[in-house]
Amino acid sequence: MTKTPRIAVLGAGYTGLTIAKLLARRTGAPVTLVNDRDRFVERMRNHQVAAGRTVRHQPLRDLVAGSGVRLVVDRVTGLDPAARRVDLAGGDPLAYDLLVYALGSHADLDAVPGAAEHAYTVAGIEQSERLRERMRTAESVAVIGAGPTGLETAAELAETHPGRTVRLITGGPLGRQLTEPGQDHLRRTLDRLGVQVQENTTVAKVDADGVLLADGRHLAVDAVAWTAGFRVADLAARAGLAVDAHGRLLVDGTLRSRSHPEVYGIGDAAAAHAEGGQVLRMGCGPGGLAGACAFHAITARLAGRDPKPLRLTTDTLCVSLGAWDGVLQPADLDGTPRGKPMTGRRVALIKKAVLRVTGRHNPRHPGISVLTARQG
Ligand SMILES: Cc1cc2nc3c(=O)[nH]c(=O)nc-3n(C[C@H](O)[C@H](O)[C@H](O)COP(=O)(O)OP(=O)(O)OC[C@H]3O[C@@H](n4cnc5c(N)ncnc54)[C@H](O)[C@@H]3O)c2cc1C
């Protein structure tokens, strides 16, 4: 590879924006950042957007100003790793020597019939805004899926729309990702907020009037919010890059593609493994550490040094339950909860701080994420 490679970063979400700015500053190489919209979307606030809270998304142009990063607002439609080329929907193809793949994820709406046509989601900003509009008149909403996103969405909707019926439907028991004290707190909080929980209930179909359950019952609701699972774009798979069974870019411990050494993958779009072999979950926490590790690996290799692999042994879930409550649960990397969780107002304050750092401070001063990763 040339000493100052042309670097292309695809996706200006939490991980892509950060690494683009860090690489431009540290390497002095030309860095082009491609994103399909002109603002930085704080996805972790999408449930707040859906609930009608005001969230101001900063223009990407402001965030990259003076950083040396060239911003291209366009949609990536294809990759040609052999030619080292990125195809764009609107503009000329982009040539690169080094590529960072950080295209994030979207809602898995193919999971059951009717979801793509009738369900709302909070995975993307436009979908969250559509749900917000629907909630102006909807008397009832069913949130499907009780992972962290489903829990946050149900709690937030119930808190901001106290007169409405908010149901939370989960295929398994509630709070699988928490130890018992956390589960107890979760139940009490959802109960206080008036969320009606239906556990061990499988949704078979979504239609215009609600959901059809696997046991044949129909549950009538005005709106369905689908939060049961995320998936990734098929761009890497279509380009012949090594991917896992879900289409996530397969990367080694330094976040480098297992099939194409000039490609790195970070965030939701890449399947990074910890040293113990566990695949990192999609999430801003693991994604941020992976992004910092990729940055160190790229700069080390450019300087002719051997990079250190990602070191991560534990995880922490920080789930907000409305504006003033939440659960913070330490966990193993495979998601098994460990030990006593923190609950209540303290967690809400921690979550607000996390959102401020990831959404406000880090996009402007991305060195923060590198410091965090060194400690991690
Ligand atoms: C409501 C909600 C709450 C969440 N809460 C938490 C939480 O509390 N903790 C946590 O760890 N995680 C949370 N997550 C998950 C977290 O938001 C994601 O893991 C994180 O956004 C992944 O970062 P990323 O950089 O990989 O992708 P993203 O932040 O999604 O960025 C991807 C970027 O790529 C762009 N893009 C996509 N396709 C194309 C294309 N073809 N061409 C050009 N640009 C494209 C997108 O517009 C976007 O800007 C939450 C997610 C949601 C939806």
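α1 (14-27), α2 (46-50), α6 (148-160) and α9 (284-302) each contribute at least two residues to the shell around the ligand; helices here are DSSP runs of H or I with at least four residues, strands are runs of E with at least two, and both are numbered from the N terminus. Everything shown is a predicted model, in which local features need pLDDT of at least 70 and side-chain atom pairs count only at pLDDT 80 or more, while totals for chains, interfaces and linings use all residues. Residues are numbered from 1 along each chain as its sequence is written, and side-chain values use heavy atoms, with hydrogens and water left out.

**View 1. The shell around the ligand has 31 residues.** The closest are Thr-15, Asp-36, Asp-268, Cys-284 and Lys-351. By residue type, the shell divides into eleven nonpolar, eleven polar and nine charged; Ala, Val, Leu, Ile, Met, Phe, Trp, Tyr, Cys and Pro count as nonpolar, Asp, Glu, Lys and Arg as charged, and the others, Gly among them, as polar.

View 2. Taken alone, the ligand exposes 990 Å², of which the protein buries 89% (Shrake-Rupley method, 1.4 Å probe).

View 3. The domain assignment, automatic or from a database, gives domain 1 (7-36 + 74-105 + 232-311) and domain 2 (115-227).

**View 4. Three strands form an open antiparallel sheet in the order β12-β13-β14.** Two strands pair if DSSP finds at least two bridges between them. β12 (203-207) and β14 (218-220) stand at the edges with a single partner strand each, so one side of each has no neighbour in the sheet. From one strand to the next, the twist averages 20°, with axes fitted to C-alpha atoms and angles running from 0 to 180 degrees between N-to-C directions.

**View 5. A hairpin of two linking residues joins β12 to β13.** Four bridges hold β12 and β13 (residues 210-213) in antiparallel pairing. Among them, Val-206 has Val-211 of β13 as its bridge partner.

Note on methods: A residue is near a molecule or strand if one of its heavy atoms lies within 4 Å of it.
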